[in-house]
Amino acid sequence: MKVYIERPKTEKNLEFEGTVKELLVLLDINPETVIVANNNELITEEDVLKNTDEIRIMSVISGG
Amino acid sequence: MNCNKCDERAVLLKPRLCKKHFIAYFEGKVFEEIEKENISGEITVACSGGKDSTTILFLLHKFGVKVKALAVNEGIKGYRDASLESLKKFCSDLGVELEVFSFKNEFGKTLDEIMRVKNHSCKYCGVLRRNLLNKHATNLLATGHNLDDESQAAFMNLVSGRKELFPGGKKEIKNLVRRIKPLKYCTEKEVMTYSFLKNFPVDFNECPNLKNSQREKIRDLLNSIEVEKPGTKENILRRFESINIKKDGKIKFCRICNNPTRREVCNACNIIEEIK
């Protein structure tokens, strides 16, 4: 699975199958602070991910 | 997982709604706040090019309010230029007038130049930015403060013990442009979701001066509580808004600029003198 994190800009290749919530736990990201898209479609923490998915994790926090 | 209102896939869990129903819910919530304000005439919208101010500019315009966008270029290298470019394009596409004022032109120095001598950039930046918005806004100023911003501010005031800074109602004060915050009950996550679904060209960069600020620590704390106990941020804001504290002291007017202050000289004039 390819994971793009917007802030700080990071790209990861992971072997992962599970829910978005489990992925965020693995990456130590609080779900309150991000929205997640799979192939540019918004998904929720309950959605199940496949190893072939391309996931984008975007911070919701204002720039300051 | 499906939407609470139809069989479409949910895009958010709190509340559990699909794209169509989330957009309707979000716009309805903001519209309700705007309606409470009895707006007449043009509104100036404080814009940064970020998701919050872009959203409120778009929605006020959508709801038929006459708007003008006002942006402040503090002069933070590698940060503000990109967001102002996005904002210029957005305003031009929307057909809304945009005015940009800079620290350099108004105060003689960029924030980067001020930072070379002073460390507390958030304090200087915030005071000077508010001063420019008050100076150049006409009639009424709308800002994009969301529930996260407002609950953090309330919590910071509690931590500092400055009771005169508790939310103080809607009293009109001479020489102070009235402000409205129509997104104040929308979480940052809701605003970001709306902004993403609407495909707004927002800038994701973070201010380089924000690191290790007290606000950042309080933000992380509130987010960690919110995830365990949803509704915490709203509870904090609503509780603070219901506190009716008698303010200490009378409002005075700065002897240099005549803006309202609790001292002889306002914060902005003190800073302008300091950075000369």
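Student: In S7(A), which residue is the bridge partner of A:Ile5?

Tutor: The bridge partner of A:Ile5 in S7(A) is A:Ile57. Before we go on, note that this is a predicted model, in which local features need pLDDT of at least 70 and side-chain atom pairs count only at pLDDT 80 or more, while totals for chains, interfaces and linings use all residues. Residues are numbered from 1 along each chain as its sequence is written, and chains are lettered from A and ligands numbered from 1 in the order in which they are written. Strands of a sheet pair through backbone hydrogen bonds, either parallel or antiparallel. Here strand S1 (residues 2-5) and strand S7 (residues 54-59) of chain A run parallel and are joined by four bridges, where pairing requires that DSSP find at least two bridges between the strands. Element names follow DSSP runs numbered from the N terminus, helices being H or I of at least four residues and strands E of at least two. Another pair between these strands sets A:Val3 opposite A:Ile55 in S7(A).

Student: How many bridges join S1(A) to S2(A), and do the strands run parallel or antiparallel?

Tutor: Four bridges join S1(A) to S2(A), and the sense is antiparallel. The two strands form a hairpin with four residues between them, and A:Ile5 stands opposite A:Thr10 in S2(A). A:Ile5 can therefore be followed in both directions, since its bridge partner in S7(A) is A:Ile57.

Student: What is the strand order in the open sheet of chain A?

Tutor: The five strands come in the order S2-S1-S7-S4-S5, with mixed pairing. Strand S2 (10-13) and strand S5 (41-43) of chain A each have a single partner strand and stand at the edges, so one side of each has no neighbour in the sheet. From one strand to the next the twist averages 25 degrees, angles being taken from 0 to 180 degrees between N-to-C directions of lines fitted to C-alpha atoms, for helices over the stretch in contact. A helix from the other chain, H8 (residues 188-197) of chain B, packs on this sheet, where it touches strand S4 (34-38), S5 and S7 of chain A and makes about 30 degrees with the direction of S4(A); contact here means C-beta atoms, placed from the backbone, within 7 Å.

Student: How many residues of chain B are in contact with chain A?

Tutor: There are 24 residues of chain B in contact with 19 residues of chain A. On the chain B side, the elements that give two or more residues are strand S1 (12-13), H8 and H9 of chain B, and H8(B) provides the largest share, six residues. By class, that side divides into 12 nonpolar, six polar and six charged residues, with Ala, Val, Leu, Ile, Met, Phe, Trp, Tyr, Cys and Pro counted as nonpolar, Asp, Glu, Lys and Arg as charged, and the others, Gly among them, as polar.

Student: In the open sheet of chain B, what are the order and the pairing?

Tutor: This sheet of five strands has parallel pairing and the order S5-S4-S3-S6-S7. Strand S5 (98-102) and strand S7 (178-180) of chain B are the edge strands, each with a single partner, so one side of each is left without a neighbour in the sheet. Neighbouring strands are turned by 30 degrees against each other on average, direction ignored. Strand S6 (residues 140-142) of chain B pairs with S7(B) over three bridges in the parallel sense, with B:Leu140 opposite B:Arg178.

Student: At what angle do H7(B) and H9(B) pack?

Tutor: Two packed helices are described by the angle between their axes and the distance between the axes. Helix H7 (residues 147-160) and helix H9 (residues 214-228) of chain B pack at about 110 degrees, with their axes 10 Å apart. They are therefore roughly perpendicular to each other, on a scale where under 35 degrees is roughly parallel, over 145 roughly antiparallel, 65 to 115 roughly perpendicular and the rest oblique. Their crossing is right-handed, a label for a near helix turned clockwise from the far one by less than a right angle, whereas anticlockwise is left-handed.

Student: How far apart are the axes of H7(B) and helix H10 (residues 232-242) of chain B?

Tutor: Those axes are 9 Å apart, and the packing angle is about 60 degrees. The two helices are therefore oblique to each other, and H7(B) passes H10(B) in a left-handed crossing. Among the residues that meet are B:Leu147 and B:Phe155 in H7(B), and B:Leu237 and B:Phe240 in H10(B).

Definitions and conventions: Contact = placed C-beta atoms within 7 Å.
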